[in-house]
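Look at the structure below and follow its strands and helices one group at a time.

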Amino acid sequence: MSGDFECDLLIRGAQVFDGSGEDPKIADIAVAGGRIVRIGSDLSLSSREVVEASGYALAPGFIDVHTHDDAAAIVRETILPKLSQGVTTVVTGNCGISLGPSPLSRRNVPVPPLDLIATAEEYRYQSFGDFLDALRRAGPAVNVVPLVGHTVLRARAVEDLTGPASAAEIAAMRSDLAAALEQGAIGLSAGLAYPPAKATATEELLALVTDVANAGRLWTTHRRDEHTAVVSAVAETIDIARRSGARTLISHHKCCGEAAFGLSRTTLAMIEAARQKIRLDIDVYPFTASSTVLIENFAQDSRKVTVSWSDSHPEMAGRDLEEVAAGWGVDQMTALKRLKPGGAIYHQMDDDDLERILSWPPSLVGSDGLPRDRRPHPRLWGTFPRVL
Ligand SMILES: [Zn+2]
């Protein structure tokens, strides 16, 4: 509280960007009790602390709409990559991967890509609510907006992850989803490009996304394909969005591999047309390299692959796959197999596509950073400065 002062903090003369998209204005801002109480020019208020901010820009905290910070938000220090960029809100649980409920009810280890965000010991929350309780106890340094992951629900319910789910398995996923939404999940995320979710039938997803729509929440999707089949993957997303009525967010929109370069012209036109009738958004990170677990077809479509972590060969983190393979006297695919489980950075996009997607006015910015990586993709620490 302010005590003898009229406010706790007075920031003077900053160039204020208020988040509305309007031109910035030079203004003073007064804060009391943790809230902005006055905005104006030449405020004459007594303040516990005064910051002379002439020559500086001032903006609301940024929202990182696409993160894998589920575990990082519980361990305060590891959220530094976000705080240091001015991010004060993170959306967690993306790409089908969330820390709760535990995906280990049928298996002892998290199947890739679930190992991107946490170890088996860290996947200890039996329900989504248990994860949220742990988050509240930890008191994270950022606001957390949590999604529940479809791949996690699948790993709990589906016997054979390489095939479509049975009616009973879909019913089990719907029951877990209902519980998570009830306990506080803001929606569902899908990661259809990854092996444990690749066999998901459109109807399986539609059943879950319809539940999301009925609960008034949203779903986000790392689509089935971001390479040459990116156009049909966008069409499937639009189809599910239209049939379910759910608010939809396409995650990290991109076109990977030389054969897909330029397809963002088509996909953005499709998305723009669909937005006339449905609530559809996209997010994007400002780099032409992606990063995820070690996957053969990602490596095959890349100009260069850099190892970001490897449980079997931790010493190779930070080195290029080509160099690792040459050192071992094997081809790159053999080296990739030996490095598993692990992750990599894939240089596989085109500047023109990135520029087109990033400069499209409705695009949201999401880092997709991976805080668990030994040698992380720079998007973890550098997304927001790079956009600015
Ligand atoms: Zn993803």
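V293 stands opposite G343 in β16. This is a predicted model, and the pairing belongs to β14 and β16, two strands that run antiparallel and are joined by five bridges. Strand β16 has another partner as well: β15 pairs with β16 in the antiparallel sense, over six bridges. In that pairing V307 is found opposite A344 in β16. Strands of a sheet pair through backbone hydrogen bonds, and the pairing may be parallel or antiparallel.

How many of the six residues of strand β16 are buried? Five of them are, so β16, which covers residues 342–347, is largely enclosed by the rest of the structure. Buried here means that under 20% of the relative accessible area remains.

Helix α10 spans residues 321–328, and its buried residues are L321, V324 and A325. They cover an arc of only 95° around the axis, which puts them on the same side of α10. On the other side of α10, the exposed residues are E322, A326 and G327. The buried residues pack against β15, at residues 304–310, and against α11, at residues 332–339. Just after α10 comes G329, with a positive phi of about 70°.

Strand β17 belongs to an open sheet of six strands with parallel pairing, in the order β9-β10-β11-β12-β13-β17. Which strands stand at the edges of this sheet? They are β9 (148–149) and β17; each has a single partner strand, so one side of each is left without a neighbour in the sheet. Elsewhere in this sheet, β11 (residues 218–222) and β12 (residues 247–250) run parallel and are joined by four bridges. Here T221 stands opposite I250 in β12.

An unreviewed UniProt entry gives the feature "domain: Amidohydrolase" at residues 49–211. Over residues 49–211 the chain is 33% helix and 16% strand. The end C-alpha atoms of this stretch are 49 Å apart.

Definitions and conventions:
Residues numbered from 1 in each chain as written. Predicted model: local features only at pLDDT ≥ 70, side-chain atom pairs only at ≥ 80, totals over all residues. Heavy atoms only, no water. Buried < 20%, exposed > 50% of the residue type's maximum accessible area, 1.4 Å probe, protein only. Arc of directions from axis to C-beta. Contact = heavy atoms within 4.5 Å. Pairing = 2+ DSSP bridges. UniProt positions renumbered as here; feature names shortened; annotations may be inferred.
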